[in-house]
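This report describes a structure chain by chain, then takes up the contact between the chains.

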Amino acid sequence: MTRSRRYRLLATVFLIFLLTSGILNIFATAPLWAAEASAAGAAPSAPWWVWSLILLGFSFLVGIVSLLGGMGGGTLFVSIIGGFLPFHLDFVRCASLLVALTGALSAGPGLLRFGMGDLRLSMPAGLMTSVGAILGALVGLRLPAQVIQVSLGFLILGIVFIMLKAKRTEYPDVRVADPLSSFLGLRGAYLDRATGEEVAWQVRRTPLALLLFLAIGVVAGLFGIGAGWANVAVLNLVMGAPLKVAVGTSKLIVCLTDTAAAWIYLNSGAVLLVVVVPSIIGMMLGSWAGVNILVRLAPVRLRYIVIGLLLFAGIRSLLKGLGIWN
Amino acid sequence: MEMDKARKDDDLQLFYAWVMDRAAKAGFVLLLVTFAVYVSGVLEPYVPLADVPRYWSQPAPSYLRAAGIQPGWGWLKELHHGDFLNFGPIAILAGVTILGYVMVVGRFFRRRENILGWVIIVQVLILLLAASGIFKTGGH
């Protein structure tokens with residue numbers, strides 16, 4: 001048995017233990033919670049563990065789809081979980097930030113080892129996104145949920161438009177680096193394992209990119225997402241970093257963005273463990289399963305599956321926020 | 001000279017990756033353990049699990065008021081409760097990048113990359129400010 005299979009088996013056994021112990025605990029105390037719920041006058045439609053299991057299932061599916069679509073998953077997570085499950089957006093956004101953070105922390109070390117994530121390139125960008133994320137989180141936690149839902153709907157429809165229109169470049173041709181990037185030493189080289197060649201890179205338009213990163217941070221904090229898709233677009237299309245470096249460095253930036261935003265949500269009490277932990281476990285298991293599916297599906301089909309799902313989630317979010325489809 | 005610089009860059013990135021990897025794994029495993037403690041009822045939670053569905057459709061400030069929870073770092077005094085015990089691993093996960101940056105900042109200054117060294121210091125201060133609880137909404 002390989003090492004990764006052993007880890008997966010251990011994780012599955014642990015998950016089964018977790019759910020079994022939770023369910024047993026609930027059955028042991030069922031009369032008590034039923035009485036308390038009734039006394040409070042707001043009887044929940046189902047006990048917590050049923051919703052946690054549903055959340056686990058949803059997160060698992062979101063984990064698969066987001067991996068197949070090459071996204072971090074935060075945007076899909078917030079729109080789908082916030083749109084269809086009964087949890088308030090405050091808790092969904094906090095869970096989403098922790099999910100995106102855990103995912104980025106898991107991927108970061110590997111990307112750094114292969115030279116696809118560049119620590120130096122991520123530093124000034126992460127500084128700007130983390131400042132933006134704090135501002136976004138502070139504003140987002142004060143706005144009514146309906147406003148967030150409607151804005152999220154528009155954001156997702158905007159992402160769909162960008163996904164349909166934007167053309168990424170594998171190796172952008174940056175002939176002259178801008179003075180700020182030269183001053184900061186933002187350049188490097190990595191070994192492209194697909195071609196076996198070393199790819200040297202430098203970047204351009206750093207001042208504009210830094211302003212865009214600030215805006216990305218605000219969006220991330222506001223909606224509780226990683227916004228890795230936006231980082232990749234700025235790094236690749238605006239700054240001219242090779243696509244692989246952009247994707248890898250984006251994960252390092254997400255670590256900084258979501259750390260800043262997560263602390264604001266944590267300190268504001270937006271943590272519900274029965275939402276956070278099943279979400280993290282579900283997304284991680286979904287990502288593992290997604291890797292196995294990825295090798296069997298055609299890339300073009302994947303792209304349209306993700307675009308279709310985003311379109312549905314965006315319309316749902318918009319209509320829910322407007323009170324048309326509750 | 002260029003090769004030497006590339007090797008040193010690699011060392012620095014690898015060290016940061018190592019710190020990140022270990023701290024994130026520790027936080028994730030601890031979170032699974034403390035969540036098992038929480039749902040199995042080994043330690044009594046501050047908010048009974050059965051009451052949680054009553055709060056989850058409310059905004060966070062209403063939940064804090066209704067459940068009598070202090071926002072910010074108040075959870076540190078409640079670690080004997082199964083639910084607040086989970087905040088420790090969550091804080092570890094939210095502290096991984098801060099730890100990683102603190103561990104590499106000296107290496108940047110030693111390599112005379114002072115500008116990036118200062119970028120790291122400013123970044124750590126911003127993240128610590130966010131973590132401090134000065135910026136929060138809701139609660140009492």
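How many helices and strands are there in chain A? Chain A has 12 helices and 2 strands, where helices (H or I, at least four residues) and strands (E, at least two) are DSSP runs numbered from the N terminus. This is a predicted model, in which local features need pLDDT of at least 70, side-chain atom pairs count only at pLDDT 80 or more, and totals for chains, interfaces and linings use all residues. Residues are numbered from 1 along each chain as its sequence is written, while chains are lettered from A and ligands numbered from 1 in the order in which they are written.

**Confidence**

The model scores ipTM 0.92 and pTM 0.86. The predictor's confidence in each residue is given as pLDDT, from 0 to 100. Chain A averages a pLDDT of 84, with 83% of the residues at 70 or above. Within chain A, helix 5 has the highest confidence, at 97, and helix 1 the lowest, at a mean of 47. Over residues 23-43 of chain A the pLDDT is below 50, and this stretch has 21 contacts in the model beyond near neighbours in sequence. Two residues are in contact if their C-beta atoms, placed from the backbone, lie within 7 Å. Where pLDDT is low, the predicted coordinates should not be read in detail. Chain B averages a pLDDT of 90, and 91% of its residues score at least 70.

**Chain A**

From the N terminus on, the elements of chain A run α-α-α-α-α-α-α-β-β-α-α-α-α-α. Buried residues make up 54% of its 326 residues. A residue is buried if 20 or more other C-beta atoms lie within 10 Å of its own, exposed if 12 or fewer, and partly exposed in between, with C-beta atoms placed from the backbone. Among contacts in chain A between residues at least 6 apart in sequence, 82% join residues at least 24 apart.

Strand 1 (residues 187-192) and strand 2 (residues 197-202) of chain A run antiparallel and are joined by 6 bridges; two strands pair if DSSP finds at least two bridges between them. Arg187(A) has Gln202(A) in strand 2 as its bridge partner. The two strands of chain A form a hairpin with 4 residues between them, and Gly196(A) in the turn has a positive phi of about 80 degrees.

Most residues other than glycine have a negative phi, and most peptide bonds are trans.

**Chain B**

Chain B has 7 helices and 0 strands. The radius of gyration of chain B, taken over C-alpha atoms, is 20 Å, well over the 14 Å that the globule rule (2.2 Å times the number of residues to the power 0.38) gives for 140 residues, so chain B is more spread out than a compact globule. Its C-alpha atoms fill a box of roughly 65 × 30 × 25 Å along the principal axes. Of the 140 residues, 40% count as buried. Among contacts in chain B between residues at least 6 apart in sequence, 75% join residues at least 24 apart.

**Where the chains meet**

The contact takes 65 residues from chain A and 58 residues from chain B. On the chain A side, helix 1 gives the most, with 12 residues. By class, that side has 45 nonpolar, 15 polar and 5 charged residues. Here Ala, Val, Leu, Ile, Met, Phe, Trp, Tyr, Cys and Pro count as nonpolar, Asp, Glu, Lys and Arg as charged, and the others, Gly among them, as polar.

The largest nonpolar core has 142 residues, and those with the most contacts inside it are Phe91(A), Leu98(A), Leu101(A) and Ala261(A). Such a core is a set of buried Ala, Val, Leu, Ile, Met, Phe, Trp, Tyr and Cys residues joined through C-beta atoms within 7 Å. Leaving aside neighbours within four places in sequence, Leu98(A) is in contact with Ala262(A), Val276(A), Ile280(A), Ile90(B) and Leu93(B).

Ile69(B) lies in the loop between helix 3 (60-67) and helix 4 (82-85) of chain B. Ile69(B) is buried, with 21 other C-beta atoms within 10 Å. Not counting residues up to four places away in sequence, Ile69(B) touches Gly269(A) and Leu64(B).
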